[in-house]
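Thanks, everyone. Let me put the structure up, and then I'll walk you through it.

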Amino acid sequence: MGWESFMVALGIEFADKFKKEIWAKIKISLKKKRKAVLFGCAGVGKSQFIASIQRSFERVKPTYFSRITQLLLDEFPLVIVDTPGHSALEKIRQDEMDNLIKEQKEVLINVVSYGYHERKDISNRNDIFDGEHFSYKFLQENRNDELKYLTQIKGKLQLSEVKWVITLVTKADIWWEEKAAVEAYYEQGRYAQEMQKIIQKSDFKHIIIPYCSIITPFYGIKTSGRFGEETKFAMQAHFLETLFDILGKKH
Ligand SMILES: Nc1nc2c(ncn2[C@@H]2O[C@H](COP(=O)(O)OP(=O)(O)OP(=O)(O)O)[C@@H](O)[C@H]2O)c(=O)[nH]1
Ligand SMILES: [Mg+2]
């Protein structure tokens, strides 16, 4: 093949590939962009969860602003908004709650972690760990905060067009040995009762999904060690399957 015909063949190949790529992009953009927002207390694992679905394994830092991430999950374009959980950043969360109504978000992900909130503002680890167990008081206060945050979303959620609420119970690697208690708490316990009050006056479906974004010690303290990478990936795959199922459904 001479130089000229070689270049022409190459040109056709590239043009063809280019057309295919453009067409794939058009097809994707024709699909309606789904919007999701994450809420939850500081340190429950919202940002680490976003990192995990982007297949990033680095530990994240606390969030101080709302942050939009555009994802393409198996051809589903998804816009996901991360919010800061810190108690002082209430105004930012309120604005995002207003956006729930204005921007017609379809999925709200309420992130919880059975009280295992890892924030940077604990100066003395001994306050939360006695050498064997994590402090009941510390965990209970955090669980109460999870309920408080849920109540704060209530009003806006009831006025919104949200179709699905996912309670994402993250940090399974940390609470794995207590999984029966964790399941009971979110499926039937105090959390479930609070959620039920919201559901009664709303029009969304609620699902609870256990999750693990990263296997790492809690506040530097080694935990169970009985939770492996396989279970983590199985949980991540299950979450994505559920999400595709939800996003693929016509409303
Ligand atoms: N062991 C374990 N640690 C996790 C998991 N998810 C998050 N973490 C850790 O928990 C800490 C808090 O996670 P973030 O994702 O920053 O929490 P956040 O909810 O975004 O917190 P704010 O941005 O302050 O609202 C980080 O040190 C994470 O690495 C998990 O599944 N397992
Ligand atoms: Mg964050």
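First, the layout. Keep in mind that this is a predicted model. The protein has eight helices and six strands. Along the sequence they run α-β-α-β-β-α-β-α-β-α-α-α-β-α. Along the principal axes, the C-alpha atoms fill a box of roughly 80 × 40 × 30 Å. There are 251 residues, and 44% of them count as buried. Now the contacts with a separation of 6 or more. Residues 24 or more positions apart account for 77% of those.

Next, strand S4, residues 107-112. Is S4 enclosed or open? Six of its six residues are buried, so the strand is largely enclosed by the rest of the structure. In a regular strand, side chains alternate between the two faces of the sheet. Here, Val107, Ile109 and Val111 point one way from S4. Leu108, Asn110 and Val112 point the other way.

Which strands pair with S4? One is S1, residues 34-39, parallel to S4 over four bridges. Another is S5, residues 164-169, also running parallel, with six bridges to S4. Leu38 stands opposite Ile109, and in S5 the bridge partner of Ile109 is Ile166. To get from S4 to S5, the chain crosses through helix H4, residues 136-159. That β-α-β crossover is right-handed.

On to the metal. Ligand 2 is a magnesium ion. Its protein donors are Ser47, through OG, and Thr63, through OG1, lying 2.0 Å from the ion. Ser47 sits in helix H2, residues 46-53, and Thr63 in the loop between H2 and strand S2. The two are 16 residues apart, so the pair links distant parts of the chain. Ser47 has 9% relative accessibility, so Ser47 counts as buried. Thr63 is at 14%, so Thr63 counts as buried too.

Stay with H2 for a moment. Eight of its eight residues are buried. Among them are Phe49, Ile50 and Ile53. What covers them? The cover includes S1, S2, S3, S4, S5 and helix H8. After H2 comes Arg55, with a positive phi near 60°.

H4, the crossover helix, packs against H7, residues 190-200. Their axes are 10 Å apart, at an angle of about 10°. Angles under 35 degrees count as roughly parallel, and H4 and H7 are therefore roughly parallel to each other. On the H4 side, the residues in contact include Leu147, Leu150 and Leu157. On the H7 side, they include Tyr191, Met195 and Ile198.

Last stop, Ile209 in strand S6, residues 205-210. At 1% relative accessibility, Ile209 counts as buried. Which residues does Ile209 contact, leaving aside neighbours within four places in sequence? From S5, they include Ile166, Thr167, Leu168 and Val169. From H8, they include His238, Phe239 and Thr242. Val169 is 40 residues away along the chain, yet the two C-alpha atoms are separated by 6.1 Å.

That's the tour. Questions are welcome.

How values were computed: Residues are numbered from 1 along each chain as its sequence is written. Chains are lettered from A and ligands numbered from 1 in the order in which they are written. This is a predicted model: local features need pLDDT of at least 70, side-chain atom pairs count only at pLDDT 80 or more; totals for chains, interfaces and linings use all residues. Side-chain values use heavy atoms; hydrogens and water are left out. Buried means under 20% relative accessible area, exposed over 50%, partly exposed in between (1.4 Å probe, protein chains only). Two strands pair if DSSP finds at least two bridges between them. A crossover is right-handed if, with the strands pointing away from the viewer, the path from the first strand over the helix to the second runs clockwise. Donors are N, O and S atoms within 2.8 Å of the metal (3.2 Å for Na, K and Ca); water is not among the atoms, so sites may look incomplete. Axes are lines fitted to C-alpha atoms, for helices over the stretch in contact, and angles run from 0 to 180 degrees between N-to-C directions. Angles under 35 degrees count as roughly parallel, over 145 as roughly antiparallel, 65 to 115 as roughly perpendicular and the rest as oblique. Contact means heavy atoms within 4.5 Å.
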